Amino acid sequence: MTTERSTERNVTSPRTITSTAGPAGIATSGIDGFAQDAWRLFHSGGKVVKRERFSRTYAAEPRTICGSAADD
């Protein structure tokens, strides 16, 4: 069995949120969201005998900016 994947489509940018400064605030760079198809290919005798398609949508992960201690 092998897997093929399509290119990413419907790419969405992460939103930006502001967190508190200090140990509770963790800065992150964010991750784009996207949709993608994948096909699971079943082989027999060196030939593809069955294809199963799966579609997934991944939500964007927000970019987090932490406030500085001077903001308190």
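Asn 10 counts as exposed, because its relative accessibility is 58% and the threshold for exposure is over 50%. The model is a predicted one, and in it Asn 10 has a positive phi of about 50 degrees although it is not a glycine. The residue belongs to strand β2.

**Salt bridges**

Side chains of opposite charge can pair when their charged atoms come close. How many salt bridges does a search of the whole structure find? The search returns five. Three of them are listed below.

| Arg 9 | Asp 37 | 3.3 Å |

The side chains of Arg 9 and Asp 37 meet in a salt bridge. Arg 9 is in strand β2 (residues 9-12) and Asp 37 is in strand β4, so this pair ties together parts that lie 28 residues apart in sequence. Arg 9 is partly exposed, its relative accessible area being 33%. Asp 37, by contrast, counts as buried, because its relative accessibility of 8% falls under the 20% limit.

Arg 53 is exposed, with a relative accessible area of 53%.

Through shared partners, salt bridges join Arg 9, Asp 37 and Arg 53 into one network.

**Aromatic rings**

Lys 50 has a further interaction: it lies over the face of Phe 42, at 5.4 Å from the ring centre.

A pair of aromatic rings is described by the distance of the centres and the angle of the planes. One aromatic pair is found in a search of the whole structure. Its members are Phe 34 and Tyr 58, whose ring centres are 5.0 Å apart and whose planes stand at 40 degrees, so the pair is classed as tilted. The reasoning rests on the angle: planes under 30 degrees apart would count as stacked and those over 60 as edge-to-face.

**Gln 36 and its surroundings**

Gln 36 is found in strand β4 and counts as buried, with 17% relative accessibility. Which backbone atom does the side chain of Gln 36 reach? It reaches the backbone oxygen of Ser 6, at 2.8 Å. When neighbours within four places in sequence are left aside, the contacts of Gln 36 are Arg 5, Ser 6, Thr 7, Glu 8, Arg 9, Phe 54, Ser 55 and Arg 56.

**Thr 28 and Arg 63**

Thr 28 is placed in the loop between β3 (16-19) and β4. With a relative accessible area of 37%, Thr 28 is partly exposed. Not counting residues up to four places away in sequence, Thr 28 touches Pro 62, Arg 63 and Thr 64. The side chain of Thr 28 reaches the backbone oxygen of Pro 62 at 3.2 Å. A separation of 45 Å lies between the C-alpha atoms of Thr 28 and Lys 47, which are 19 residues apart along the chain.

Arg 63 is located in strand β6 (residues 63-66) and is partly exposed, with a relative accessible area of 31%. Apart from neighbours within four places in sequence, Arg 63 is in contact with Thr 28, Ser 29 and Gly 30, and also with Pro 14, Arg 15, Thr 16 and Ile 17. Between Arg 63 and Gly 33 the C-alpha to C-alpha distance is 12 Å, and the two residues are 30 residues apart in sequence.

Key. Residues numbered from 1 in each chain as written. Predicted model: local features only at pLDDT ≥ 70, side-chain atom pairs only at ≥ 80, totals over all residues. Heavy atoms only, no water. Phe/Tyr/Trp six-rings, centres within 6.5 Å; stacked < 30°, edge-to-face > 60°. Lys NZ or Arg CZ within 6 Å of the ring centre and 35° of its normal. Helix = DSSP H or I, 4+ residues; strand = E, 2+ residues; numbered from the N terminus. Buried < 20%, exposed > 50% of the residue type's maximum accessible area, 1.4 Å probe, protein only. Contact = heavy atoms within 4.5 Å. Salt bridge = Lys/Arg side-chain N within 4 Å of Asp/Glu carboxyl O. Polar contact = N/O pair within 3.5 Å; in protein donor to acceptor, adjacent residues only side chain to side chain.
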